[in-house]
Amino acid sequence: MKDLPAENISFTDFKLIGFYSLGEWRPLLFVPFSLMFLLAITANSMIIYLITSQKSLHSPMYVLIGLMAVVDLMLPIFFVPNMLLNFLFNWTGISLTGCLIQMFSLHFVGTFQSTLLLWMALDRYFAICKPLYYHKYMEIPNFVKFVVVPVIRNVLLVVATVSLAGKLSFCVTNIIDHCFCEHMVLVQLACGDITINNIVGLLTVFFIPTADFILINISYIVIFTSVFKSGKTNMKALNTCITHFIVMSVTLTFALIAFLSYRIRNNFSPSGRVFVSTMYLLFPSCFNPIIYGVRTKEIRQTFIKFIKNVKSLLLAHFSSDELDVMGVEADVQNAPASSRSPAYDKLVEVTDLHHGQSKTGLVCEEGRASSLKAE
């Protein structure tokens with residue numbers, strides 16, 4: 001294992017050893033993280049299916065929820081499978097190129113968690129404060145104006161962050177005490193000056209999730225003020241805003257703790273730092289679809305309707321099979337003994353097994369007796 005500093009060496013292969021301090025208990029982490037991964041994949045896939053398949057959910061708000069589900073579906077796929085293999089089979093290796101690709105994918109897609117919440121806040125602002133002009137503002141040509149600037153911001157900052165990290169020489173060690181390639185985890189292994197990397201990393205944190213959080217809070221203050229001044233209690237709108245605020249607060253708290261823990265002296269254990277970093281990516285992916293599915297009436301009703309339709313289809317399918325088997329059994333049993341083929345015993349055996357009965361021996365004996373009498 002190459003882990004000795006050398007000024008003339010730049011490592012191109014690394015080992016991810018997150019939660020290594022747990023020792024023999026480390027493989028047990030496979031269970032909770034695999035369950036969270038399955039929950040994220042299943043729940044987000046269901047949200048995407050419901051929104052895409054139901055025309056009644058094609059309004060801007062539900063489209064944004066669907067896009068959030070796409071983001072929450074992609075994020076775990078970028079790092080959880082590799083992490084689970086690491087826990088179970090101790091597959092720790094990753095190349096520098098793979099590390100940079102994973103870093104870009106996680107940070108770029110992750111930035112849209114806060115940006116989508118910002119777009120949802122804009123949707124609520126237009127729906128509540130400017131209801132007469134809602135459809136005008138939410139038409140694609142007009143709404144694109146609010147989309148272009150945040151997307152360009154996210155792309156430029158993430159590309160700059162990853163590009164600067166890729167230009168470094170990594171000669172300190174090739175051991176990464178983490179479960180995936182986070183920006184500062186990799187940058188700290190460099191042997192040169194990383195001041196510019198620190199600055200760009202901090203700018204990314206404060207210009208994307210923090211700025212989005214501030215803008216969301218401003219829009220909610222305007223919404224609450226408008227609702228209270230009008231004297232109308234729009235509980236649905238207020239519940240939606242509160243839900244977005246809770247999700248954003250939890251996500252931003254995890255993200256800031258994870259980012260700042262590598263830049264400020266603290267008493268965080270390595271495993272604690274890895275846990276927080278993992279949660280700020282995995283927590284929203286697991287609980288966003290549950291929050292939006294349970295708290296959003298239209299999505300909840302569509303899901304219940306979907307479950308009822310599936311049950312009806314299954315019942316119809318099994319009932320059809322039952323009737324087919326019963327019809328075949330009646331035809332066979334009513335046929336004359338002389339016309340029964342040698343496959344008769346086998347056919348009756350199959351029909352009896354379908355009903356969970358064990359009459360095969362008796363039927364076969366009766367078939368033989370009938371054959372002897374015919375002779």
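User: How do I read a contact here?

Analyst: Contact means heavy atoms within 4.5 Å. This is a predicted model: local features need pLDDT of at least 70, side-chain atom pairs count only at pLDDT 80 or more, and totals for chains, interfaces and linings use all residues. Numbering runs from 1 along each chain as its sequence is written, and side-chain values use heavy atoms, without hydrogens and water. Now take Ile299. Leaving aside neighbours within four places in sequence, Ile299 is in contact with Ile47, Leu50, Ile51, Leu57, Tyr62, Ile65, Tyr292 and Gly293.

User: Which residues of the largest nonpolar core touch the most other members?

Analyst: First the idea. A nonpolar core is a set of buried (under 20% relative accessible area, 1.4 Å probe, protein chains only) Ala, Val, Leu, Ile, Met, Phe, Trp, Tyr and Cys residues joined through side-chain atoms within 4.5 Å. Here the largest has 61 residues, and Phe33, Ile65, Phe79, Phe87, Leu117, Met120 and Ile299 touch the most other members. Helix H2 (60-89) is among the contributing elements. H2 gives the largest share, 13 residues. Helices are DSSP runs (H or I, at least four residues), numbered from the N terminus.

User: Where does H5 bend?

Analyst: The bend at a residue is the angle between axes fitted to the seven residues ending there and the seven starting there. H5 bends by about 30° at Phe146. Pro150 follows within four residues, and Pro150 is buried.

User: What do the buried residues of H5 pack against?

Analyst: They pack against helix H3 (96-129), helix H4 (134-138), helix H6 (183-187) and helix H7 (195-230). Buried H5 residues include Arg153, Asn154 and Leu157.

Note on methods. Helix = DSSP H or I, 4+ residues; strand = E, 2+ residues; numbered from the N terminus. Buried < 20%, exposed > 50% of the residue type's maximum accessible area, 1.4 Å probe, protein only.
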